[in-house]
Amino acid sequence: MSDDLIYLDNAATSWPKPPEVGRAMVECLEREAGNPGRSGHRLSLAAARRVYAVREAVAKLFSAPDPVRVIFTHNATMAVNLALGGLLGPGDRVVCTGMEHNAVMRPLRDLEERGIAVAVAPCDPAGRLDLEAFERTVNAAPTRLVVLNHASNVTGTICPVAEAAAVARRAGALVLLDAAQTAGAVPIHMAALGVDLVAFTGHKGLLGPSGTGGLILGERVNAAEMVPLLKGGTGSRSAQERQPPDLPDRFEAGTINFVGIAGLGAGLDALAAMGGPEAVGRHERNLAQLLWDGLSSIPGVRLYGPADPAERVAVVSFTIDGLTVSAIGARLDEEFGVLARVGLHCAPAAHRTIGTFPTGTVRFSPGPFTTEDQIARALAAVRTIAERA
Amino acid sequence: MIFGVVLFHTTSMALKAEKALAAQGLAVRLIPTPRQLSSDCGFALRFDWAERSSVEEILEGARVETAGVHPLGE
């Protein structure tokens, strides 16, 4: 079955996974499934070693200051909630961009109701951050935190993170990077970019299973002052009824998803074996460019996002005049085995910015295992659908 | 040989310590924490007490926070 499918929904979750991912999870379940950090026996130690090794691999990937500053969460959404809820209190101000996902916008709108000021820096219709307007927005009032969407899940538009982070730092704000669409596809060096926190998911570009992700804390983040999202047992300082200050335990209450993390570790190994984010990202962007060029030549197709491929990750959004996106998506799947995501992609703010709210777009997102032949077949499918529109 | 143990607040620190010391060629081993010493973390790191000063120096350099260093006896 899977041989016939053309999976172009890697921005939602990467598929297929490297076979090592499932194997690592089975091995962990069958051989190392003690509770890491809770007991002193060999199965607990084996699981703890596995988790710590993945912490180190994540720290290395993002050039994080210390493996213990890698906090595992269930996904990027939980990481964003931990960062926003943990750092912001009544009277604080936060600035985000006009291309945010609801993983950021919904917690921000919730915080807004609790006395936190939220300002949105505008992006142009291609999703590009207007740096001058951004600087004015940041400097309009004392700002505690800036949230940057590293690359849009709707148009792939890449944020000029280093430039924006420099503006934020000059204003004394911390910078949270939402790397949901870029981890594994774009090299990320925290210090070089000037970001203080990175929220990532494990099940997209890092090729791991769902239920994995994390928040990385840079050196400027005072973890002791950051409020944990969850409070509970950590296996450490058990005599205390208060949440411990130690990292990563402070933010990892409850048994972590160590089976999933074992899979994430195998995903990271596979990513490295394929040449790492640089090489995999290049492969994906080349395919995205084939999609962009091919779609541009089909009458009735409209593309969204910046025309310059250097400004995009491998996400291509389009519409076809005269057809609803849901009809296009259904025909792609049923008649051609082409799997795309249609609609608003959980990012109404981004669709408002690019002018496709509320109908949305069709989104193609190739992954590490997508081939040029599959791209050609997907383009032929769109051409057929557009001709009959 | 007299052994010593390093105690930790968290498993992550115990593993970080083990890695840092092993990388410097020291013979160390994670053992279940002796109950008489602490109830904090499940693991403690056993080392040759004669190497105590190197152990403490390496752990400090690697930014490992410990919950104490104790002699363990033979």
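In chain A, R55(A) touches P67(A), V68(A), V70(A), F72(A), P248(A), E252(A), I256(A) and S12(B), not counting residues up to four places away in sequence; contact here means heavy atoms within 4.5 Å. R55(A) is placed in helix α2 (residues 42-61) of chain A, where helices (H or I, at least four residues) and strands (E, at least two) are DSSP runs numbered from the N terminus. With a relative accessible area of 3%, R55(A) is buried. Buried means under 20% relative accessible area, exposed over 50%, and partly exposed in between, for a 1.4 Å probe and protein chains only.

The model is a predicted one, in which local features need pLDDT of at least 70 and side-chain atom pairs count only at pLDDT 80 or more, while totals for chains, interfaces and linings use all residues. Residues are numbered from 1 along each chain as its sequence is written, chains are lettered from A and ligands numbered from 1 in the order in which they are written, and side-chain values use heavy atoms, with hydrogens and water left out.

The contact between the chains was examined next. It takes 23 residues from chain A and 17 residues from chain B. The size of an interface is often given as the accessible area lost when the parts come together. Between chain A and chain B the buried area is about 1600 Å², of which carbon and sulfur atoms give 52%; this is the accessible area (1.4 Å probe) that two parts lose on being put together, summed over both. Six residue pairs, both members at pLDDT 80 or more, are in polar contact between chain A and chain B. A polar contact is a pair of N or O atoms within 3.5 Å; within protein, one must be able to donate a hydrogen and the other to accept it, and residues adjacent in sequence count only if both atoms are side-chain atoms. The side of chain A that touches chain B divides into seven nonpolar, eight polar and eight charged residues. In this division Ala, Val, Leu, Ile, Met, Phe, Trp, Tyr, Cys and Pro count as nonpolar, Asp, Glu, Lys and Arg as charged, and the others, Gly among them, as polar.

Salt bridges were counted within and between the chains. Side chains of opposite charge can pair when their charged atoms come close. A salt bridge is taken as a side-chain nitrogen of Lys or Arg within 4 Å of a carboxyl oxygen of Asp or Glu, and by this rule the count over all chains comes to 23. Between chain A and chain B there are six salt bridges. One of these pairs is D66(A) with R63(B), whose closest N and O atoms are 3.5 Å apart. R63(B) lies in the loop between α2 (52-61) and β4 (69-73) of chain B and is partly exposed at 44% relative accessibility. Although R63(B) is not a glycine, it has a positive phi of about 55°.

Within chain A, D9(A) forms a salt bridge with R363(A), the closest N and O atoms being 3.2 Å apart. This pair links distant parts of the chain, 354 residues apart: D9(A) is in the loop between β1 (6-7) and α1 (19-31), and R363(A) is in strand β13 (residues 361-364). Both D9(A) and R363(A) are buried. A further salt bridge joins R169(A) and D196(A), with a closest N to O separation of 3.0 Å. Here R169(A) belongs to helix α6 (residues 161-170) and D196(A) to the loop between α7 (190-193) and β7 (197-201), 27 residues apart. R169(A) is partly exposed at 34%, whereas D196(A) is buried at 2%. D373(A) and R377(A) also form a salt bridge, their closest N and O atoms being 3.1 Å apart. These residues are separated by about one helical turn because D373(A) and R377(A) are four residues apart in helix α12 (residues 372-387). D373(A), with a relative accessible area of 46%, is partly exposed, and R377(A) is partly exposed at 37%.

Strand β3 (residues 93-97) of chain A is mostly covered, five of its five residues being buried. R93(A), V95(A) and T97(A) on one side of β3(A) and V94(A) and C96(A) on the other are all buried. β3(A) pairs in the parallel sense with strand β4 (residues 117-121) of chain A over five bridges; two strands pair if DSSP finds at least two bridges between them. R93(A) stands opposite A117(A) in β4(A).
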